[in-house]
Amino acid sequence: MVINLGLTTLPMAQHVKGKRSAVTCHLKCANACTQGVCNTSSNSYFRDIVSAQMSRRALLGFGTAGAAALVLAPALAGRADAATGIAGTAVGETGAFGFTSIDPVPYTVDSFVVPEGFDWTPIIRWGDPLFGDSPAFDVQNQTPEAQARQFGYNVDYTDIIRTSATTAILFVNHEYTNENIMVPAAQLEGDLDRVRRVGMKAHGLSVVELERASETAPWTPVVGAPLNRRFLDDTVYAFTGPAAGSPLLRTVDDAAGTSPRGTFGNCSGGTTPWGTILSGEENFNGYFRSAGVSETDQRYGLGDAETARGWENVDPRFDARTPGYENEVNRFGWIVEIDPTDPASTPRKHTSLGRLKHEGANVIVAANGKVVAYTGDDERFDYLYKFVSRDAFVEGDRAHNMTLLENGDLYVARFTGDSPAAEIDGSGALPSDGGFGGTGEWLPLVVGGASAVDSMSVEEVLVYTRLAADAVGATKMDRPEDVQPNLLTGKVYVACTNNSDRGTEGKDVADETNPRTENRDGHIVEITEDAGDQTSTTFTWTLLLVAGDPAQNTTAYFSGFPVDQVSPISCPDNLAFDTAGNLWISTDGAPSSIGYNDGLFRVTLEGPERGRVEQFLSVPAEAETCGPVVHDDEWHVFVSVQHPGEDGTFEAPTSVFPDAWKAAPLAGVGGGYTGIPRPTVVQVLPVAAPAPTPTPSETPTPTPTASATPTPSPSASATPTPTAAPVIPSSPSPSATPADPSAPLAPTGGGVVGALLAGAGALAAAGTAFLARRSRSGDADEAATPEA
């Protein structure tokens, strides 16, 4: 059987709106929109700062602790203020940096665009080597064995945890694969078994050590470093929590129901105060074939049809109709916790957080020491969840803290609006009380180790969490994706990406929490837990923004900030914060709604500029912006560029990112210009000393890319108003010249000997360096802040 990904055979090819990719629908979420709504209940409708705190502030005052202890230490990331209950953050150490918003980039342009005064460089790409024995990337002859030793495919949740001034640990999810642009068509036709096994190995997770020459230089991967690791389809995990060992999780391969293999569909995630990574298993249903007749199958989008990748043809566990594997699908859909500092550790799947299509999970420590994790179920009309740990966080006791997600209480959200009901008519028009908002409650699913759902055991609640949430009357949302608590304020932000089914025939209508019919642009919900207590069971809420391009959508709303002064934004997906408390939003789907490439945006949350949206970067054609990381003490920003050129083929690519523009650090050993797109982790950093712009620059006219011919990427904003550019002393300027596709690309970093984690002396030196840099950065911040 042949994988045929041609657009004419895709189930969503005639149903997607705007410029949304039918390939994305087919491979990423198994054409969820063609399957009908999984949630047919009658319910009413409705990290990164942690990384920065751990990596920078924890460098100071560690005495004899080594750099491994830095990542393990929760001292500053998780400490709670007794008066407010909000995780403490030192004030005034760093702050957001200034930049001039870029103009939105038309969806036809295959470019990576950053503001004036900044440049970008690849860090690591699909196929780059990780180990001393990793083979060179051979685009014409990929093998499962080679891919298992190389960086995986579509990059999503990302974190860069600094372990010293010049060393760091990179973590990345590899969400899914697009074999149609990964391998030649002849191999799809004639060597499908091998192609499928390559795809299996390209999924999973990666941990990679990084190094740099100085604090202002770009990061480069360290091939063969001790912490480098791939988590693959056959990696053994451990179930934790009340459902571990349940008959619902047992298979012929694992009679105990405690040791699942692999993780798939990993989307976003979070970094815990104790330095581990949480990864969300999202669209796992697309990997399994099942009978599709049970209530549980239907609620999780499972059916009796060949899957997009056909893995059931090479491994029987992906066919739940096979005797002994009926429960294999139940072993996916969990929050996974991994320890990036221990390459021999066993990753864990925490059943206490429930089984659903997790976008990710993000943690905050409450005033009473309990750990609270928020997570969204990324599907139309599904729910928002909260987990509260049974045990309390203990500062400095990492072994104990790594058990906190194993037991606790699980809740699901119900929202109530407070505006006149007649004014919520599906148009998205602002109600007469001046905003969308109201109150809410966290409905218990499991409390005190007992089920709070009639006729369902604890194990059933945790394995079939969607059904449990249906039963208690949770509020159906417009695809709740990333959910992030702001560690400065304690408020929680929910990215509702979109829901084009809202209010259509036979589907539920708009309400105040989801106020637009056929919501194609999405919105952001802001939640304030009552009394500032993260463990509270009640809250208030408001909509921070109702996304869209004001020039195209008059109901776009930005908390009252003037709509003619914002960057157009659509389809919010992943969220992050800088140390000043600004919200950063990466988008997924803007081409389909507002006609621009996806990008990364900063949003002011407090003060007179609340609701101001500024676009920081734009990703290439057909790509999604994922995994934003903001190290604003260094004025460095990182994103993962997922599925560039998704709609092309191997023979006729529609993007050539990044190889046509920039030589990646491992280009010499990981393949130079390949002529096909490669999902890539990218760093954006300030240039050394850009010359001031004496007069407003003319807006460049982008040239759509119709073929694989490389088009130089603009490196500056098209915004005509100049701004003071950041100046970082001693910073080498990354090359702004596109790489010559015909010339061999020499490696620019990444030795083959792994760097050992630094000791106490290095930590002390790094702390001094950070203090010095902070002083410089603070001066530059003041000079570079743009006018309102």
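Which residue has its charged end sitting over the ring of Y300? In this predicted model, that's R355, whose charged end is 4.3 Å from the centre of the Y300 ring. There's another contact of this kind at W120: K662 lies over the face of that ring, 5.1 Å from its centre.

Now for rings meeting rings. The count comes to 33 aromatic pairs. One of them is F99 with F616, an edge-to-face pair with centres 5.0 Å apart and 80° between the planes. That pair ties together distant parts of the chain, as 517 residues separate the two partners. F99 is in the loop between α3 (67–72) and β1 (118–125), while F616 belongs to strand β27 (residues 613–618). Buried or exposed, these two? Both F99 and F616 are buried.

Next up is F415 with W541. Their planes sit at 80° and their ring centres are 5.9 Å apart, so this pair counts as edge-to-face, since planes over 60 degrees apart get that label. Here too, distant parts of the chain are linked: F415 comes from strand β16 (residues 408–417) and W541 from strand β23 (residues 538–546), 126 residues apart. F415 and W541 are both buried.

Here are the two pairs side by side:

| Pair | Centre to centre | Angle between planes |
|---|---|---|
| F99 and F616 | 5.0 Å | 80° |
| F415 and W541 | 5.9 Å | 80° |

Methods. Residues are numbered from 1 along each chain as its sequence is written. This is a predicted model: local features need pLDDT of at least 70, side-chain atom pairs count only at pLDDT 80 or more; totals for chains, interfaces and linings use all residues. Side-chain values use heavy atoms; hydrogens and water are left out. Rings of Phe, Tyr and Trp (its six-membered ring) pair if their centres lie within 6.5 Å; planes under 30 degrees apart count as stacked, over 60 as edge-to-face and the rest as tilted. Helices (H or I, at least four residues) and strands (E, at least two) are DSSP runs, numbered from the N terminus. Buried means under 20% relative accessible area, exposed over 50%, partly exposed in between (1.4 Å probe, protein chains only). A charge sits over a ring if NZ of Lys or CZ of Arg is within 6 Å of the ring centre and within 35 degrees of the ring normal.
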